[in-house]
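Here is a brief report on one helix and the charged pairs around the fold. Please read it beside the model.

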Amino acid sequence: MTRDGLGEVDRPTVSFELYPPRNPDAAPKLWATIQALGEARPDFVSVTYGASGKTRDTTRGLVRRLLRETSLNPIAHLTCVGASRAEITAVVEEFLDVGVRSFLALRGDPPVHEVGWRPHPEGMGTAAELVGLLREIEARRCADSPAQQVRATVRPLSVAVAAFPRGNAGAGSTREQDIAALLAKQAAGADFAITQVFYDAASYLELVALARDAGVTIPIIPGIIPATDPARLLRVEALTGVPVPRDLLALLTSFDDEPSRHRAGIRASVELVNRVLDGGAPGVHVYTFNTHHAALDLLEGAHLGGGARPGSRPGQPAADHGIVHHQSQGA
């Protein structure tokens, strides 16, 4: 067994979500965040991809740099809204050519102004179709090149998808409809799922139980926001349609100083993480919003990294010592 516990069979996975910098001036700050998050030895980091490919170049650039300059395993988000199969195939080929071996396949959000959205006439309308396309492209590349087949054997293509604990408010779907969609994604070749944000453990645990009853067998990783910034939580609510518990907002806004608010939010988030892990979650995926302090404090409080005892199981929050993007994208 390794000293840091990374070789333990039952060690929960840890992963982070990042998004490409909106302007070049933000790049150095993001890279400092990436270096800090890397100290937690995450199993992977996901990199968001704007609807209709808005961040195609910046996403690819960030993923390429992660592959070349770090030991991190990046997962590239991919959406299919507003694009033809040919256009999506070209994007996938670009990512594969720079060394990407993991994708998060999402339908994506239709344009805000578009009423009665319909898929591109030569495109796809669901994430399950996108998963199938990824598998088709990989199979073709392996058939065309024995060298690629060897590389694919050593580093198999991994495809993640989204899951929605209370249904996808952005797409107007119920939990039952989302579970049916998740089953279709699994049948198309998805390897695991990451959930949209939620704030109560029951949302996640009930989703998993219902999904298992429906025949979903792939791991479902809970997506967690460190709940330290009430304004950010309300922005996420507006984006996703997932309501923030009013008692949580009341707790956070009851503090006049940021350090106390931060500690209270971390304690609440650690409790949520502990409950889902105790309920059988395979790990946690942390929506970082391109900052590292809250994410690492959350992991430390849950004994998943950030200075916690190596190999210790999730427990109580750490002592006070000065201590989220595919969420909106359709199934």
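Helix 3 buries I88, V91, V92, E93, F95 and L96; buried means under 20% relative accessible area, exposed over 50%, and partly exposed in between (1.4 Å probe, protein chains only). These residues pack against helix 2 (56-69), strand 3 (74-79), strand 4 (102-106) and helix 4 (127-144). Helices (H or I, at least four residues) and strands (E, at least two) are DSSP runs, numbered from the N terminus.

This is a predicted model; local features need pLDDT of at least 70, side-chain atom pairs count only at pLDDT 80 or more, and totals for chains, interfaces and linings use all residues. Residues are numbered from 1 along each chain as its sequence is written, and side-chain values use heavy atoms, without hydrogens or water.

Helix 3 spans residues 85-97. Just after it, G99 has a positive phi of about 105 degrees.

The model holds 14 salt bridges, each a side-chain nitrogen of Lys or Arg within 4 Å of a carboxyl oxygen of Asp or Glu.

| Pair | N to O distance |
|---|---|
| R11 and D43 | 3.5 Å |
| E94 and R60 | 2.7 Å |
| D191 and R135 | 2.7 Å |

E94 lies in helix 3 and R60 in helix 2, so their bridge ties together parts 34 residues apart in sequence. R60 counts as buried at 16% relative accessibility. E94 is partly exposed at 24%. E93, D97, R140 and R141 are linked in a network of salt bridges.

Methods. Expected span 1.5 Å × (residues − 1). Contact = heavy atoms within 4.5 Å.
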